[in-house]
Amino acid sequence: MLDKNITEIKESFYTDIKSVSSIKDVEELRIKYFSRNGLVSQLFEDLKDVVKEEKPILGKKLNLLRNEVSAYFEEVKERISSSNSNKENEIDLTLPGKNYIVGSKHILTQTLDEIKSIFKGLGFSVANGPELESDYYNFESLNFPADHPARDMQDTFFVSKEFLLRTHTTPVQIRLMEKQAPPVRAIMPGRVYRNEAVSARSYCMFHQVDGIYVDTDVTFAELKGTLVSFAKQFYGSDLKYRFRPSFFPFTEPSAEMDITCYLCHGKGCKICKNSGWLEILGCGMVDPNVFKFVNYDSEKYTGYAFGMGIERIALLKYGITDIRIFFDNDLRFLKQF
Amino acid sequence: MKISLSWIKEFVDLSRISTEEIVSQLTMSGLEVEDVVDQTNLYKNFIVGFVKETEKHPNADKLTICKVFDGKDDLQVICGASNVKAGQKIVFAPIGTEIPNGNFVIKKAKIRGVESNGMICAEDELLLSDDHSGIMVLDEKFEAGKPITEALNLNDVILEIAITPNRPDALSHIGVARDLAALFDRDLIIPELKLNETNDDINKLASVVIEDIVNCPRYIAKVVKDVQIIESPKWLKDRLEKIGLRPRNNIVDITNLVLHECGQPLHAFDLDKLNGHKIVVKSTKSEIVFTTLDSKERKLPLNTLMICDGKREVAIAGVMGGENSEITETTKNILIESAYFHPSSIRKTSKTLGLSTDASYRFERGTDPNITKYAAERCAQLVAELAEGKIANGIIDVYPNVINPKEIELRFSRTTKILGYEVAPDKIKNILSRLGLAIKVLDEDKLLVSVPTFRPDIEREIDLIEEIARINGYDNIPTVSKINITLEKKTDETEFDEKIRQTATALGFFEMINNPLQTENDAKLTGNPIRIANPLSADMECLRTSLISGALITISKNIRQGVKDLKFFEIGDSFKRICDGEIKSFSDFTETQNLLLVISGKEVVKGWNIEEKESDFYLLKGLIDSFLSKISLDNVLIDSYYSTANEIYAYHLTKSFKEVELGRGGKLKNEVLKQFDINQDVYCFEFNLTVLKSVQSSTKTYTDPLKYPKIIRDFAFILDKSVKYLDVKEFIKKKSSPLLKVVSVFDVFESDSLGTDRKSLAFTLEYYDESRTLTEDEVEKDFNNLIALVTKEFNAQLRGK
Ligand SMILES: [Zn+2]
């Protein structure tokens, strides 16, 4: 009889304790089982009436039960009372956290960073040069003779007869080669200026990255390999590309690199003027005339050079339609990047 | 440049080659095709229509309701052009036709309540010209319903090709045909000329003298007599119209045709208007005014190359003819000029006059001195055919120093070295021959290449290598998959900028990029600016002298957009003039890389658990110091404070390193802000990064964290308001025991209870030693001593305790 009661009370305790969720429930449970007249105490009372032979066994069983359930009871009581103390503060976890403002680099800087890190991985150094340049560095030493129509390719802001705002970052190539003997492998990011009417598609200043590599066995094939590697890292490895002949006074042969239009995937659309291709950079083998200006032996050394516009790349990459937004510095724009 | 494929096919057989293939090969060999107009496709839906009747639109004055017969049915069509009349044959676009100039499709529509079933077209809508003055009226003989591709011969393919400045030879149909011949390995066909000349000796009819042989190395004249100046035949007009030229009369049209055929600009003079029937080529000796055939008076500078007759100037050489000698309806006898002018002379004239013509464009890029004779004769032949002229016998050819083909050696081995792959010698020979270059084998590795004068761009071996590369196709050049990277040190001159950007963004600043070109007023704010000689506009006439004005423009714009709490930085170059006159060297100006940090509006915006806080000077100062600590420059710079205003700051501080100022900043004056329409406080600090870079140390050393406890003491003094915190702090540091390591302020308090000219400054003192634990006694002793000294030195009174 008692044996059966022990089992029943154990089961009923475990059932009751499951629904305990407040201090009040805990107290009710204590009274029901552990008070002087509680169910567990009652079992010990009942033990007195048990026949002598069964007493030791049932007594032991009863003690085990009391220890087990009271330990569990204490654990639950502890958990409930501690969680309840939080509940007393009524914290509203849904309120917003403190707003920290972390600034950001301009999207053009971020685009440039990406380009820079790819070329640094390909063994390139990074060099700087002035924006207010001499005619010599910007044109003459880059094989743009005075009075040559090639100069029309780059509308120039002049500050005097001899000085101008650089129209490309290519002069830094000359400055670098003047300073050091081959091998030279570097990129030159920077700001350039063109005397062109401001519109959604063109601005009077923008940013470029130029690059050059001169050594004893630099070939057009290596130029292709390096730029394809860059383009795949930047635009994605499934990219399709083509190199097509072009003209720059400081390279010969010269090329422009096109990649498949990302919008129409080569079918032809407004962005790519229906050609299916987007021009991303100009490049070529360094013209021997340029080597002459920096006293490099063009029989011994060959080299390649390339240049690309950062704005154009960022416009394409982020689907921005008006170049002027880069220089409006509207915080609502800057914060998006 | 526009190229007609049907025209080009006269010079090279392109049978069995698709338009797509031609376009692709041209583009991939350097003659980039920017646009292709396939007329057959473009005009496939347009037909000849007949306007049977017209009536006024009841609801619109300018619209006409037309009954148009399309060969089958009568259709009601609304037309907006004023020249539409019953009885006209017109170009009709039925429903479903795509209109070329707008990429829209004609739909059945109600225009002001009246149904319209198609459109009557103007020339510009068909991309035939820019003319939108009225609808295009066709010859009455055309049959209604006939496709206009047939009626108007619109079955050509027109290519728009971008010709790079190095390829003057490609500025003509024969020139492009020559590339196609090489690309498709076919023959270039140049039609032979057959001239029927009279017995009149040209030397008795005209004479030519070149006085400026440098700028005019060759001058050819051909005379044709008894010409009829009339409208050109349809085939000639079609040909010119297709490439975007407007036909004028037969003579002018012929010279244009020859120009676009072989690239040689020609000019036809009325021979009877040339005094003494004489041509003299010479440069002007003084400034003169000359009226060109477009009836404009032009001021010509000294040393402009001119064509003169026996008395006066009759043309600006290579640029434009004069009104005084031009062909008119009454012209009888003509002199055809076919000359070679020096490119830079023509370029100079064209640039100074701001006048670029088809002729000057070609001369300044370099024409072929040796095509001149062919061009003159081809022109004479056509004039004989189309103007019933009689060609005088012979030619006047003044060419004292013949320009011969250049000879260049080409090594196969060098070609391989540059391109990175071997092009077979036979292939090379074939490519060069197809391009019209003569070759002679010198040895196993070497060719002697003779470059005709029509390729002035080919001067060196490398130029020949380019020809080989582009005709053989850049696609055939391998793309390497491995490169060598040398192990020498790589440098990055932008590394420091990067560190600055990271620090600034971590402190909550947003990077802006402002245009360095600005108004003179804005640029003058912070220095002596450099002017742009040829600015785009007055608001971009100077280079900035600091980054401040650009930042203020940005702040002003943002405030107007309702964004008022701002924290920006910019890294960029600033330019200052340091000479009075013209800039002739790099020492006449400075270009420095600057960093500007600027704050305005609220530092903290009110939140549910946070009080709002305005940006102030101390925020700026704190940011600058945190910033400097991140680049390890916090403890080496000297601050100087200026509480009185200067040109731009109400008050400011500077940071220097060993007497060299690295930067300055503070609160901008209201007068300055007003210039930019800003009515909230702005604080900024500008560093000279060029100098900052040179002083920053890249090495950091480690110090052990303190192992022994610190003893902290506080005190507060009541002192005169004029006493500066820094003075008290320095005094304490000077007078204290070396165990006092840090002195900092934790409270500044002013109140009437202290007296109107008194304030309270509360300090925290940190005592410690790196090698032992301090005793309370030794600290207490120093602390008490400091209290006594400060009290005395600053007339201070210890608070509270
Ligand atoms: Zn596309």
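Okay, housekeeping. Residues are numbered from 1 along each chain as its sequence is written, and chains are lettered from A and ligands numbered from 1 in the order in which they are written. It's a predicted model, where local features need pLDDT of at least 70, side-chain atom pairs count only at pLDDT 80 or more, and totals for chains, interfaces and linings use all residues, while side-chain values use heavy atoms, with hydrogens and water left out.

A word on names: helices (H or I, at least four residues) and strands (E, at least two) are DSSP runs, numbered from the N terminus.

Let's start with a helix pair in chain A. Two packed helices are described by the angle between their axes and the distance between the axes. Here, helix α1 (residues 2-18) of chain A packs with helix α3 (residues 39-47) of chain A at about 170°, and their axes are 11 Å apart. That makes α1(A) roughly antiparallel to α3(A); the label goes to angles over 145 degrees, with under 35 being roughly parallel, 65 to 115 roughly perpendicular and the rest oblique. For the record, axes are lines fitted to C-alpha atoms, for helices over the stretch in contact, and angles run from 0 to 180 degrees between N-to-C directions.

Who makes the contact between α1(A) and α3(A)? From α1(A) you get A:Leu2, A:Asn5, A:Ile6 and A:Ile9, and from α3(A) there's A:Leu39, A:Leu43, A:Asp46 and A:Leu47. Contact means heavy atoms within 4.5 Å. Sorted by class, that's six nonpolar residues, one polar and one charged. The classes: Ala, Val, Leu, Ile, Met, Phe, Trp, Tyr, Cys and Pro are nonpolar, Asp, Glu, Lys and Arg are charged, and the others, Gly among them, are polar.

Now the sheet in chain A. Seven strands form an open sheet, in the order β1-β4-β5-β9-β8-β7-β6, and the pairing is mixed. Two strands pair if DSSP finds at least two bridges between them. At the edges stand β1 (125-126) and β6 of chain A, each with a single partner strand, so one side of each has no neighbour in the sheet. Inside, β7(A) pairs with strand β8 (residues 277-286) of chain A, antiparallel, over eight bridges. A:Ser254 sits opposite A:Gly284 in β8(A).

What packs on this sheet from chain B? Helix α14 (residues 461-472) of chain B touches β6 and β7 of chain A, and its direction makes about 30° with that of β7(A). From chain A, helix α10 (residues 310-318) lies across β5 (205-215), β8 and β9 (302-309), at about 55° to β9(A).

On to charges. Over all chains there are 76 salt bridges, meaning a side-chain nitrogen of Lys or Arg within 4 Å of a carboxyl oxygen of Asp or Glu. One of them joins A:Asp258 and A:Arg242, at 2.8 Å, N to O. A:Asp258 is in strand β7 (residues 251-260) and A:Arg242 in strand β6 (residues 241-248) of chain A, so the pair ties together parts 16 residues apart in sequence. Buried or exposed, A:Asp258 and A:Arg242? Both A:Asp258 and A:Arg242 are buried, which is to say under 20% relative accessible area, with exposed being over 50% and partly exposed in between (1.4 Å probe, protein chains only).

In chain B, B:Lys242 and B:Asp156 make a salt bridge at 3.3 Å, N to O. That one links distant parts of the chain: B:Lys242 is in helix α7 (residues 234-242) and B:Asp156 in the loop between α4 (148-151) and β13 (157-162), 86 residues apart. B:Lys242 is buried at 18% relative accessibility, and B:Asp156 is buried at 2%.

There's also a salt-bridge network of B:Arg167, B:Asp169, B:Asp179, B:Arg455, B:Asp457, B:Glu467 and B:Arg470.

Last stop, a sheet in chain B. Three strands form an open sheet in the order β1-β13-β2, paired antiparallel. Neighbouring strands there are turned by 25° against each other on average, ignoring direction. β1(B) and β13(B) are joined by three bridges, and B:Ser4 stands opposite B:Ile158 in β13(B). Helix α2 (residues 19-27) of chain B lies across β2 and β13 of chain B, at about 160° to β2(B).
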